2 protein chains.
Amino acid sequence: MMNRVKAAVAQLVGGAVSNSSPGNGPESSFKFQYSRPAFLHLSWEENERAADHSSRPILTPSEGDSRTKLLPWDTGYAEMLEAGKSAFNEDQAAREIVCVERRSPKNRTVADAVKEDERVANEKQGLEFHYWALFDGHAGTGAAVIAAKLLHLHICDQLRDIVDILRDGDIPPPISLTSNAGAVTGDVAKTPTHQGDWEPPTDSESRFLLEKEISHEYLIIGAIENAFRQMDEQIEREQRSHGILGGCCALAVVYLLGKIYVANAGDSRAILIRNGETIPLSNEFTPESERQRLQYLGYLQPHLLGNEFTHLEFPRRIQHREIGRMMLYRDYSMTGWAYKTIEEDDLKFPLVYGEGKKARVMATIGVTRGLGDHNLKVHCSNIHIKPFLSCIPEVKVYDVTKYEHGVDDVIVLGTDGLWDVISDREVADAVIHILSNCEPDNPNRFTLAAQDLVMRSRGILKEHGWRLSNDRLGSGDDISVFVIPLYGHT
Amino acid sequence: MMNRVKAAVAQLVGGAVSNSSPGNGPESSFKFQYSRPAFLHLSWEENERAADHSSRPILTPSEGDSRTKLLPWDTGYAEMLEAGKSAFNEDQAAREIVCVERRSPKNRTVADAVKEDERVANEKQGLEFHYWALFDGHAGTGAAVIAAKLLHLHICDQLRDIVDILRDGDIPPPISLTSNAGAVTGDVAKTPTHQGDWEPPTDSESRFLLEKEISHEYLIIGAIENAFRQMDEQIEREQRSHGILGGCCALAVVYLLGKIYVANAGDSRAILIRNGETIPLSNEFTPESERQRLQYLGYLQPHLLGNEFTHLEFPRRIQHREIGRMMLYRDYSMTGWAYKTIEEDDLKFPLVYGEGKKARVMATIGVTRGLGDHNLKVHCSNIHIKPFLSCIPEVKVYDVTKYEHGVDDVIVLGTDGLWDVISDREVADAVIHILSNCEPDNPNRFTLAAQDLVMRSRGILKEHGWRLSNDRLGSGDDISVFVIPLYGHT
């Protein structure tokens, strides 16, 4: 079975040249084993120390000895284990530079090869993107580990078909490509020539002549969306064949051709700090924010509720003796609330129940988007949660070239362990404080900022647990933070 | 059959005291006949003149003779017929003040009656709301006419169960009401006492004890949402029994207890002009803005597509000879675009097709929310459009008491005939220009502003049709506009 994994990875990395750690190379004996991110260069002993729940040490790439290496763009990073529930840190992180090479056509003729060689000689071959991602795992470390090792390669794979199109920034993408028949998923080679060899439709009806112009930006968004889907399908295969457990929220940032694409599926978050202001770059996907989508699916496909759940929402559980009474409810179409007469069916457990961090889908899971979870079921039942969870990210685009960025302008990515205890404003103030107290040419300042954010959200261990400086409860969750500088990359 | 309509209306208006024209009273011989809004007080001859496509006269409530009556709040209104497609103006409008009275309990005891009489003696009985609405009809005038005559009564009906709760502004709504068993739809009387007679659940599990607090605002939103649903169901009944045709977009504004609720289902729009700034108060629902919802339904319930349509979107129609080629597409989960290999199935007509004003659902209709359309089918087929159209409005809330409003601060409601040709900014500039050129105590100034907006968006009839002052094409559509002043009502 391991061969199958190797083959999948080899196929995936075929078109990518990764500057990441050797462990990710196409020739390595790749394994989906738990470890902390390779860019931390931890020894076995350091890995052990990192798992000490009593001290919860903060790990950064800049700590320690001569192996120390700054991350590209001097990206700051810090992480910390949660307060004791799990033996492992279920967060994972990735920082990669990926060079996308166009897919080689299958069965090309000698003439094609000569033409291709000429073309290659005349232009730069690959298209490079920068990549940062956080994966917040749950119910096991497996999905987060796989995703951290492979999601960027899936993005690369999706981009391979459109490298030539993206490079020709001035020409809109053609609606149709000439192609050897083959699936779009990439397992059959295609010959995308982007000459836009469109022939006018023969049908004379004017509605047939309508043609939408698609921008390059939307091709990249589509590539990232499909990469998440491919990643999720691969995790499903690995879960089936290797019994890998769990799911994970995924927050990925791609910098390509002057624009930053923030793709989010879950409750991690990204904010931009520009000139002291905070600008959210992602939305969270939780049972509360996605209630109507979940209820609509339950309403349209009631068999997914397994006769145990109702798609209606009530402000609290209902008891048998309340049948016949009027109680507040709302269904998939409502934002507001109204009263209805309680019937037998309303006694079922609500599909979406609880408030804030306690809100759950089917009393089981507190996030509604992410990768994995294919084998997640409602406790003591055969009801699958996955149909309600979506692997599709929301992708927001930030055009870096449209703004002038100062030396303290950064993007902060954090798992919910960070955002649950400190606000956007507090994060910005802390980052600005640290950055302005470092020399602007100190390449370590962004890691110091990330470290400070993790420390602030963990707090200090007191008698009654981890406490923040204002004595509020500190975060007991895993915490991972990237601080990405924008100055000089625009 | 007419008796059934009368019965329905009598039941509906039972709890409402309407200050509107006599034609809408509970005792009148109500008919769903086409006419211009009653508040215009048009004679038969004036109605005839209004239907002159060559002159397209602008109608306002303040024109003409001694019957002239200003609308409550000095609301401005103006309307105009489209350029010649239809014999009728398919827009309709309503302006009402409705007093909501609590529903009388059925089978009440003598003791109940005495208690109730005491209560009534101690407090004001009804709760008043102001109401403005525009209905933009299509495929017939029927749905717009019915909705203009009845939607406010459905809102009233939904509010009757919660009058007492809303009046006690400081007490949160109870989750459960004591009730004689009965449906929530209002056809069986209920006895809502809002004493919050909640008993703690006997179940000891903590998840059962969770309780969400619902605000009064969300009860009102729920009432409006359900009123739209009830209105739509009534139109369905009337369409079945009376063969009434058509559907309509609905934009309704309710002013209740210091807040303005803007409920929108369709492509009419509301904006607030405050201190010279424009603030949108509604979103449009079109095949483009609701593409993903429509595609998701088509994906989950493919039988609704009748084997004629595909839920996938393509940038143009595909031809048979293009099978096997790579073409751009996107599905319900995607915001971006990607290439896929074209298969036989992709030759079906796309569920959502076209751009901007030309975008259509199933090549038939250009809006995706509204009332009616129960008998609308794809041309020459048995495929119903309605499952894809939603009657549920998006309700936005504007807390009038939170701002100080000047004498020129207004809300502008317009059908798409207005917004298709002039921008929010142009609307605001025109309104501000007219208002600032009138004496502030001229009660007619808001109607002058509405009239000016209609005139600007129609333009002047030249050789090549109706033209705006900048020679752009004027609106050939029906146009209806309300200008609602906010000063003095906060």
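The model is a predicted one.

**Chain A overall**

Of the 490 residues in chain A, 47% are buried. Among contacts between residues at least 6 apart in the sequence of this chain, 69% join residues at least 24 apart.

**The five-stranded sheet of chain A**

Chain A holds an open sheet of five strands, with the order β2-β21-β18-β8-β9 and antiparallel pairing. The edge positions belong to β2 (76-80) and β9 (277-280) of chain A; each has a single partner strand, so one side of each is left without a neighbour in the sheet. From one strand to the next, the twist averages 20°.

Within this sheet, β18 (residues 410-414) and β21 (residues 479-485) of chain A are joined by five bridges in the antiparallel sense. One of the bridge pairs links Val410(A) to Pro485(A) of β21(A).

**Leu418(A)**

Helix α8 of chain A spans residues 416-419 and includes Leu418(A). Is Leu418(A) buried or exposed? The cut-off for a buried residue is 20 or more other C-beta atoms within 10 Å. Leu418(A) has 28 other C-beta atoms within 10 Å, and is therefore buried. Leaving aside residues up to four places away in sequence, Leu418(A) touches Leu453(A), Ser457(A), Ile479(A) and Val481(A). Gly459(A) is 41 residues from Leu418(A) along the chain, and the C-alpha atoms of the two are separated by 11 Å.

**The five-stranded sheet of chain B**

In chain B, five strands form an open sheet in the order β2-β21-β18-β8-β9, and the pairing is antiparallel. β2 (76-80) and β9 (277-280) of chain B are the edge strands, each with a single partner strand, so one side of each is left without a neighbour in the sheet. On average, neighbouring strands of this sheet are turned by 20° against each other, direction ignored. β2(B) pairs with β21 (residues 479-485) of chain B in the antiparallel sense over five bridges, and Met80(B) stands opposite Ile479(B) in β21(B).

The helices on this sheet are α10(B) and α11(B). α10(B) touches β8 (269-274), β9, β18 (410-414) and β21 of chain B, and its direction makes about 50° with that of β8(B). α11(B) lies across β2, β18 and β21 of chain B, at about 25° to β2(B).

These helices also pack on each other: α10 (residues 424-436) and α11 (residues 445-458) of chain B meet at an angle of about 140°, with their axes 9 Å apart. α10(B) and α11(B) are therefore oblique to each other. Their crossing is right-handed. On α10(B), the contact is made by Val427(B), Ala430(B), Val431(B), Ile434(B) and Leu435(B). On α11(B), Arg445(B), Leu448(B), Ala449(B), Asp452(B), Leu453(B) and Arg456(B) take part.

**Strand β11 of chain B**

Strand β11 (residues 326-329) of chain B is covered on both faces: Met326(B) and Leu328(B) on one side, and Met327(B) and Tyr329(B) on the other, are all buried. β11(B) pairs with a strand of chain A, β5 (residues 176-177), in the antiparallel sense over two bridges. There, Ser176(A) has Met327(B) as its bridge partner. β11(B) also pairs with β12 (residues 338-341) of chain B, where Tyr329(B) stands opposite Ala338(B).

| Strand pair | Bridges |
|---|---|
| β18(A) and β21(A) | five bridges |
| β2(B) and β21(B) | five bridges |
| β5(A) and β11(B) | two bridges |
| β11(B) and β12(B) | four bridges |

**Helix α8 of chain B**

Helix α8 (residues 291-300) of chain B has as its buried residues Arg291(B), Leu294(B), Gln295(B), Leu297(B) and Gly298(B). Why do they lie on the same side of α8(B)? They cover an arc of only 160° around the axis, which puts them on the same side of α8(B). An α-helix has 3.6 residues a turn, so residues three or four places apart point the same way. The cover over the buried residues of α8(B) includes β14 (352-353) and β15 (360-361) of chain B.

Technical notes: Residues are numbered from 1 along each chain as its sequence is written. Chains are lettered from A and ligands numbered from 1 in the order in which they are written. This is a predicted model: local features need pLDDT of at least 70, side-chain atom pairs count only at pLDDT 80 or more; totals for chains, interfaces and linings use all residues. A residue is buried if 20 or more other C-beta atoms lie within 10 Å of its own, exposed if 12 or fewer, and partly exposed in between; C-beta atoms are placed from the backbone. The arc is that of the directions from the helix axis to the C-beta atoms. Two residues are in contact if their C-beta atoms, placed from the backbone, lie within 7 Å. Two strands pair if DSSP finds at least two bridges between them. Axes are lines fitted to C-alpha atoms, for helices over the stretch in contact, and angles run from 0 to 180 degrees between N-to-C directions. Angles under 35 degrees count as roughly parallel, over 145 as roughly antiparallel, 65 to 115 as roughly perpendicular and the rest as oblique. A crossing is left-handed if the near helix is turned anticlockwise from the far one by less than a right angle, and right-handed if clockwise.
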